Amino acid sequence: MNKRERITAILGRISNKRTEPDPEESLFDAGYLDSFALTDMVAELEKEFQIRIPDSELNPRRFESIARIEETVGKYAAGAHAA
Amino acid sequence: MASVISFGRYLPERVLGNEELARRLGRDPAWIESMSGIAERRIAEADETVSVMAARAAEDCLRPCGVQAPDVGMVIVASGTSERRFPGPAAEVAAAIGIPGVPAIDLPMASAGSLFAVAMASRLAPSVGRVLVISAERMSAPAFAEPLNPDVAILFGDGAGACLIGESGGALEIVDYVLHSDGTWAKDLRLEFTGPVQMNGRAVIMQASRKVPAVIGEVLSRNDIIAQDVRYFLMHQANQNLIDRVAKVLGVGSDRFPSNIRRYGNTSSASMLIAASEWIETADLRPGDPVCFAVFGAGFHWGALLARKALARQT
């Protein structure tokens, strides 16, 4: 799986939704993530991509959509551009 | 280091349940409980000001331990909802409990103020004598301010908590504490001079979920204690889901986290001391048992304080 597919798979587990959001769609407005699910999402992303996102970077806007999450993960994941 | 001699509390009699609140907000009572874990909260009457509630909590704190107000060397009052810009409530509280002239310090810090004040008191007690720490909040006023935000209005309640810190002689010895502040997030949880509480709930939960377990781990690790050895965790009573999450991250059962959120809601800085005041009445502590206090709130400010049941029975 590429990076986007891995992120989408995590989102599916966290949100319990079978539908996939558009890459730019707000995961908050569309009901995929609330405050606590967002925290779970970050923890799962860190585990999946073996990264540690600093507290200073934990701004909800960085996790607003699949595309934004890709950017955020890419910033910290080694070799992310090849995925 | 210093020790905790006594706890106290004051809660207004008026109870605002979810049924009544739901009618006011145009929401479903079940939604309120599912979102917050809160069934009811206390609401201060007009004459139950921050100072009045603080003084009553102070009296409740002093009464059981037999310490007279004149034996208090300093008063610290934490509150994010005092009625005036100045003076803050501390001097008024000291006068109300019969000790005008004793230095009284205001700590205008919501949520985390109680633990920061206790930490300061633990350092001051050896030089000034017993320090009475009080946290009092009228959160209902900003919670229901216009423009009304139901997501915020459901969370808060009013009340006051207190504790008496002495250089020695208390049942709970203060071992260590860690405090942190980061103003980067100042706008994500704030109360301006007018209007309701402004809260970026996602940022607050995201940061608190990370920072609270981390700061608890920080104070425990530097004292060679693991979370599983801590008998109780007394947290700022902000949100039951957050408390459960902290317990999970630490690998400790939620039963070690006394909670009164269901009955009182989030009383901001008062909540931890109110919870401690109720908890200590039935706590089954053995000598040496570690107890950890932890807070997170507007600022952001966060911290953890490690205490332990005194080894020998003391006066």
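Student: Is A:E44 buried, exposed or partly exposed?

Tutor: First, note that this is a predicted model. Buried means under 20% relative accessible area, and exposed means over 50%. A:E44 has a relative accessible area of 23%.

Student: Which side chain does A:E44 meet in a salt bridge?

Tutor: Look along chain A for a distant partner. A:E44 sits in helix α2, and the partner sits in helix α1 (residues 3-15), 31 residues apart. The N to O distance is 3.7 Å, and the partner is A:R13.

Student: Why can such side chains pair at all?

Tutor: Think of charge. Side chains of opposite charge can pair when their charged atoms come close.

Student: How many salt bridges are there between chain A and chain B?

Tutor: Start with the whole structure: a search over all chains finds 26 salt bridges. One that crosses between the chains joins B:R245 and A:D40, at 2.4 Å from N to O. The count between chain A and chain B is 4.

Student: Which side chain of chain A meets B:R210 in a salt bridge?

Tutor: B:R210 lies in helix α8 of chain B. Its partner lies in the loop between α2 and α3 of chain A, so to find it you cross between chains. The N to O distance is 3.4 Å, and the partner is A:D55.

Student: What area is buried between chain A and chain B?

Tutor: Chain A brings 16 residues to the contact and chain B brings 15. A:F36, A:D55 and A:L58 supply 44% of the area that chain A buries there, more than any other three residues. Carbon and sulfur atoms give 60% of the total, which is about 1400 Å².

Student: How many residue pairs are in polar contact between chain A and chain B?

Tutor: Both residues of a pair must be at pLDDT 80 or more. With that condition, the count is 7 residue pairs.

Student: Which element gives the most residues to the largest nonpolar core?

Tutor: This core has 48 residues. Among the chain B elements that give two or more residues are α1 (18-25), α9 (240-250) and β13 (301-309). The top contributor gives 8 residues, and that is α8(B).

Student: Which residues does B:F257 touch?

Tutor: B:F257 is one of the residues with the most contacts inside the largest core. Leave out residues up to four places away in sequence. What remains is B:F233, B:M235, B:I243, B:V246, B:A247, B:L250 and B:V252.

Student: Is B:L21 buried or exposed?

Tutor: B:L21 has its place in helix α1 of chain B. Its contacts beyond four places in sequence include B:L16, B:I32 and B:F144. At 0% relative accessibility, B:L21 counts as buried.

Student: How many residues of helix α11 of chain B are buried?

Tutor: The helix covers residues 270-279 and is mostly covered. Among its buried residues are B:M272, B:E278 and B:W279. The count is 10 of 10.

Student: Where is B:P147, which has a cis peptide bond from B:E146?

Tutor: The bond from B:E146 to B:P147 has omega near -5°. B:P147 is found in the loop between α6 (140-143) and α7 of chain B.

Student: A:Q50 and B:S268 both have positive phi. Which is buried and which is exposed?

Tutor: Phi is near 50° in A:Q50 and about 55° in B:S268. A:Q50 is exposed, with a relative accessible area of 73%. B:S268 has a relative accessible area of 2%, so the buried one is B:S268.

Notes: Residues are numbered from 1 along each chain as its sequence is written. Chains are lettered from A and ligands numbered from 1 in the order in which they are written. This is a predicted model: local features need pLDDT of at least 70, side-chain atom pairs count only at pLDDT 80 or more; totals for chains, interfaces and linings use all residues. Side-chain values use heavy atoms; hydrogens and water are left out. Contact means heavy atoms within 4.5 Å. Buried area is the accessible area (1.4 Å probe) that two parts lose on being put together, summed over both. A polar contact is a pair of N or O atoms within 3.5 Å; within protein, one must be able to donate a hydrogen and the other to accept it, and residues adjacent in sequence count only if both atoms are side-chain atoms. A nonpolar core is a set of buried Ala, Val, Leu, Ile, Met, Phe, Trp, Tyr and Cys residues joined through side-chain atoms within 4.5 Å. Buried means under 20% relative accessible area, exposed over 50%, partly exposed in between (1.4 Å probe, protein chains only). Helices (H or I, at least four residues) and strands (E, at least two) are DSSP runs, numbered from the N terminus.
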